[in-house]
Amino acid sequence: MLPLDIRHHPADEQWLSLVAGSLPTGLRLVLETHLELCPACREQVAALRALGGVVLEEQAPAPMRDDALARALDRVDALENDRSAATPSPAAPRKVPAPPPLPDGAVWPRALADCAATRWRWIGPGMRWSRVSVPGAPEANVFLLRIGAGKYLPQHTHRGTELTQVLYGRFHDGRALFGPGDFDLADGEVHHQPVVQDGSECICLAAVEGRLHFDGLIARWFGAAVGM
C-alpha cells in the first residue's frame, strides 16, 4: 500500500488530550484511526508519551508515611477481595458482527475492532450510513458515512464538536480538500457543506459530541433521524 498524502492532522492539543486519556470515547476512536494511517502523527504521539515519562521522573519525590507500603498493600488486598466477590462467571467471548463491506482500497480501522457496525443504510440518493456501537460506551455518537461522487451533505454547523477521518475518497467543504488519511475538526465556528469529488465515492468515520445543526427543516429531520 502506497503512503498516503495526508495534509490535515489533529492539532497538538488534541494529541495531548489523547495522551492524557481525557478524550470522550468517540473522539478518541477517530484520533486512533488517524494514527493508524499517519506515520508522522505516530511519531509525534510517541514523543509526547516519552516526554510525559521524563516529566514524571523529574518530579521531586513526595514524603511518605512510615506505614505507607503496608497501607497500600492492605488496599490492594481489599480491592482484590471486592473484585473476586463481584466478578461473575467468565462469559463467552463477545462476537462482533462483520463490518459493513468496504470498496477495494479501504481498510476497516483497527481502532474499531471491538465495535459493532450496522449494515449500510440508505439516507438519500447516493448516500448511506452505518451506526457504530462502542462496547462500554453507549453514549458515544460514532458513525460511518458513505457518499457517492458528486453528492453532498446539507449545509450545517455544529452544536459541539465533530471529528471526521477520511478512509476513502475525497470531499471539499469550501475550506479545504480532504483526501484519504485526512482529519478534520469542526465546531460552532464552522459552517460548511461537504461535497464529494468526482471520480469516487467517499467514506468517512465521524464522531460527534453534541449535535449537527442543519440549515433546512428537511435536513434537520434527516439529522435527527440518524442521530447526528
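Which residue in β10 is the bridge partner of Val142? I looked it up and found Ala207.

**Entry 1: ground rules**

I am working with a predicted model, where local features need pLDDT of at least 70, side-chain atom pairs count only at pLDDT 80 or more, and totals for chains, interfaces and linings use all residues. Residues are numbered from 1 along each chain as its sequence is written, and side-chain values use heavy atoms, with hydrogens and water left out.

I take helices (H or I, at least four residues) and strands (E, at least two) as DSSP runs, numbered from the N terminus.

**Entry 2: strand β4**

I started with β4, residues 142–147. Six of its six residues are buried, so the strand is largely enclosed by the rest of the structure. Buried means under 20% relative accessible area, exposed over 50%, and partly exposed in between (1.4 Å probe, protein chains only).

In a regular strand the side chains alternate between the two faces of the sheet. I checked both faces of β4. Val142, Leu144 and Arg146 are buried on one side. Phe143, Leu145 and Ile147 are buried on the other.

Next I looked for partners. Two strands pair if DSSP finds at least two bridges between them. Strand β3 (residues 127–133) runs antiparallel to β4, with six bridges joining them. Met127 has Ile147 as its bridge partner in β4. Strand β10 (residues 202–214) also pairs with β4 in the antiparallel sense, over six bridges.

**Entry 3: Arg146**

Is Arg146 buried or exposed? It is buried, with a relative accessible area of 10%. I then listed its polar contacts (a pair of N or O atoms within 3.5 Å; within protein, one must be able to donate a hydrogen and the other to accept it, and residues adjacent in sequence count only if both atoms are side-chain atoms). The side chain of Arg146 makes one with the side chain of Glu201, at 2.8 Å. A polar atom of the Arg146 side chain also lies 3.0 Å from the backbone oxygen of Pro101.

Contact means heavy atoms within 4.5 Å. Leaving aside neighbours within four places in sequence, Arg146 has contacts including Leu102, Trp120, Met127 and Ile203.

**Entry 4: Ala207**

I went back to Ala207, in strand β10. At 1% relative accessibility, Ala207 counts as buried. Not counting residues up to four places away in sequence, Ala207 touches several residues, among them Gly26, Val30, Val142 and Thr161.

**Entry 5: Thr157**

Thr157 sits in strand β5 (residues 156–168). Thr157 is buried, at 15% relative accessible area. What does its side chain reach at 2.8 Å? I found the backbone oxygen of Val190.

**Entry 6: a three-strand sheet**

I traced an open sheet with the order β7-β6-β9 and antiparallel pairing. Its edge strands are β7 (177–178) and β9 (195–196), each pairing on one side only. Two bridges join β6 (residues 171–172) to β9. Phe171 stands opposite Val196 in β9.

**Entry 7: two helices**

Last, I compared helix α1 (residues 12–20) with helix α2 (residues 25–37). Their axes come within 11 Å and cross at roughly 105°. Axes are lines fitted to C-alpha atoms, for helices over the stretch in contact, and angles run from 0 to 180 degrees between N-to-C directions. The helices are therefore roughly perpendicular to each other (65 to 115 degrees; under 35 counts as roughly parallel, over 145 as roughly antiparallel, and the rest as oblique). Gln14, Trp15 and Leu18 in α1 meet Arg28, Leu31, Glu32, His34 and Leu35 in α2.
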